[in-house]
Amino acid sequence: MEKRHWYVVITYIIMQFSTILGVPLFVKLGVESREMAVAYWLIFSFFAALILILYLLRQDIMERHRDERSSVPTAITWAFFGVFLALFAQGIAATIENRIFGIEYGSENTEFLVELALTTPLFIVVTSIIGPILEEIIFRKILFGTLYKRYNFFIAALLSSVVFAIVHMDFKHLLIYSAMGFTFAFLYVKTKRIIVPIIAHVSMNTLVVLIQVVFRDEIEKYQEQVESTQAMIKFLWTHLH
């Protein structure tokens, strides 16, 4: 791995752990609640990390034209279909988790991020844009890209996707995050353009977050109806047998 790439990874790690000091600092500065302090610090730290990482990767940006990349129309096509491919992979993984391992649908990590977005709407910029950009740079361009030079696609995608999943700290849904990681790695290899998985990742996150925020009340009502129906079926099954 290039030295500048190590600096990028270190920057990302520092950003991830910076909440330990940053959130209490914002609370002391008078932010109304801890939730808002978390949201504001994440906005600040993610944006600062993105600027620094893009600066560290300026050589990569200048040299990108040397790669045998797919054409612009092809890249746009894969970026568009990549959104649906990622959602499809996520859906398959969620079904496997539920049917085989009994893991319920829904993610506590996603719910937490949605709560922050509801508290501080500007936080959507982090979950929908800055976060996915940083993740694709770290886990696809650098980690997967480094592994892919030494191993085949499956091994490189597997290792980088598992790390990608672990970093989200939502261990019940490792399979879902790993499936997403495989999808984005495929898009990167297919087009040799990191912008393609970035666009797909940004679009998918934006779609999911907006649905969760805009249709939150409708989703909660639907969940209540499903739970009520399941409870009724269970009651009838228990008392009729």
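Buried means under 20% relative accessible area, exposed over 50% and partly exposed in between, with a 1.4 Å probe and protein chains only. This is a predicted model, in which local features need pLDDT of at least 70, side-chain atom pairs count only at pLDDT 80 or more, and totals for chains, interfaces and linings use all residues. Residues are numbered from 1 along each chain as its sequence is written, and side-chain values use heavy atoms, with hydrogens and water left out.

**View 1. Loop residues with positive phi.** Met169 has a phi near 55°, a positive value in a residue other than glycine. Met169 sits in the loop between helix H8 (153–167) and helix H9 (174–191) (helices are DSSP runs of H or I, at least four residues, and strands runs of E, at least two, numbered from the N terminus). With a relative accessible area of 58%, Met169 is exposed. For Lys192, phi is near 60°, again positive in a residue other than glycine. Lys192 belongs to the loop between H9 and helix H10 (195–214) and is partly exposed, at a relative accessible area of 45%.

**View 2. Whole chain.** Eleven helices and zero strands are found in the chain. Of its 241 residues, 39% are buried. Among contacts (heavy atoms within 4.5 Å) between residues at least 6 apart in sequence, 74% join residues at least 24 apart.

**View 3. Packing of H1 on H3.** Helix H1 (residues 3–17) and H3 pack at about 175°, with axes 10 Å apart; axes are lines fitted to C-alpha atoms over the stretch in contact, and angles run from 0 to 180 degrees between N-to-C directions. H1 and H3 are therefore roughly antiparallel (over 145 degrees; under 35 is roughly parallel, 65 to 115 roughly perpendicular, the rest oblique). H1 contributes Arg4, Tyr7, Val8, Thr11 and Met15, and H3 contributes Ser45, Phe46, Ala49, Leu52, Ile53 and Leu56.

**View 4. Largest nonpolar core.** A nonpolar core is a set of buried Ala, Val, Leu, Ile, Met, Phe, Trp, Tyr and Cys residues joined through side-chain atoms within 4.5 Å. The largest has 51 residues, of which Val8, Phe46, Phe123, Leu134, Ile137, Met180 and Phe184 touch the most other members. Helix H3 (residues 34–56) gives the most to this core, twelve residues. Beyond its neighbours within four places in sequence, Val8 contacts Ile53, Leu56, Leu57, Ile137, Ile138 and Ile142.

**View 5. Helix H7.** In H7 (residues 124–148), a kink of about 35° lies at Ile130, shortly before the proline Pro132. The bend is the angle between axes fitted to the seven residues ending at a residue and the seven starting there. Of the 25 residues in H7, 18 are buried.
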